[in-house]
Amino acid sequence: MNTHETFFCNVDESIVLINACYALTEEYRGILAKIGRAHQLTENEMLVLVHLALNPDARTQKKLQATNLHLSMSSICRMVESLRKKGYLTTELDENDRRSWIIHLEEQGAKLADAFRESLNKRLKDIFSCIPGVDLDLFVRTLSKAALAANDHTGPARLAAM
């Protein structure tokens, strides 16, 4: 038995899983920060751009927050205003709700979000290429189901249908 096998046999699997998720999250955040720095953007500004690109229906601050963007509403408003001033997005008053603004991702913002996605995909392919026999698509689907189950407290019946 090698050192890695000994480690996994002696440690609670949940701790190993959480540590792996943490390591992958740090990779994600590192790429956000690196690309952001290159364009004078903060990690949170990058998060807003990425969430807007991934969720085109999230056209208001409230809808944007509902995309699992873990920022307060006031932070989102600050990020949107900052990104607007830098030309990454535009806003217009929502005629249906005068307290809300409709957000439009501009080409510059979409290109930056695409660059982030490409960098992240490349890094993840590098990471998982080191694991013999891993089916990355199956792994991603499995983790997606696990994330849904963690966020969905209504029961496993809905997940079983997936």
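A search of the whole structure, which is a predicted model, finds two aromatic pairs. Their geometry is set out below.

| Pair | Centre to centre | Angle between planes | Type |
|---|---|---|---|
| Tyr 28 and Phe 116 | 5.4 Å | 85 degrees | edge-to-face |
| Phe 128 and Phe 139 | 5.1 Å | 50 degrees | tilted |

The pair of Tyr 28 and Phe 116 is edge-to-face because the planes of its rings stand at 85 degrees, and the cut-off for this class is over 60. Tyr 28 belongs to helix α2 and Phe 116 to helix α6, so this pair ties together parts that are 88 residues apart in sequence. Tyr 28 is partly exposed, at 24% relative accessible area, whereas Phe 116 is buried, at 1%.

Phe 128 is buried at 10% relative accessibility, and Phe 139 is partly exposed at 30%.

Beyond its neighbours within four places in sequence, Leu 64 is in contact with several residues, including Val 48, Leu 52, Ile 76 and Ile 103.

Glu 95, by contrast, is exposed, with 58% relative accessibility. This residue is placed in the loop between β1 (89-93) and β2 (101-105). The side chain of Glu 95 is joined to that of Arg 98 by a polar contact of 3.2 Å.

Technical notes
Residues are numbered from 1 along each chain as its sequence is written. This is a predicted model: local features need pLDDT of at least 70, side-chain atom pairs count only at pLDDT 80 or more; totals for chains, interfaces and linings use all residues. Side-chain values use heavy atoms; hydrogens and water are left out. Helices (H or I, at least four residues) and strands (E, at least two) are DSSP runs, numbered from the N terminus. Buried means under 20% relative accessible area, exposed over 50%, partly exposed in between (1.4 Å probe, protein chains only). A polar contact is a pair of N or O atoms within 3.5 Å; within protein, one must be able to donate a hydrogen and the other to accept it, and residues adjacent in sequence count only if both atoms are side-chain atoms. Contact means heavy atoms within 4.5 Å. Rings of Phe, Tyr and Trp (its six-membered ring) pair if their centres lie within 6.5 Å; planes under 30 degrees apart count as stacked, over 60 as edge-to-face and the rest as tilted.
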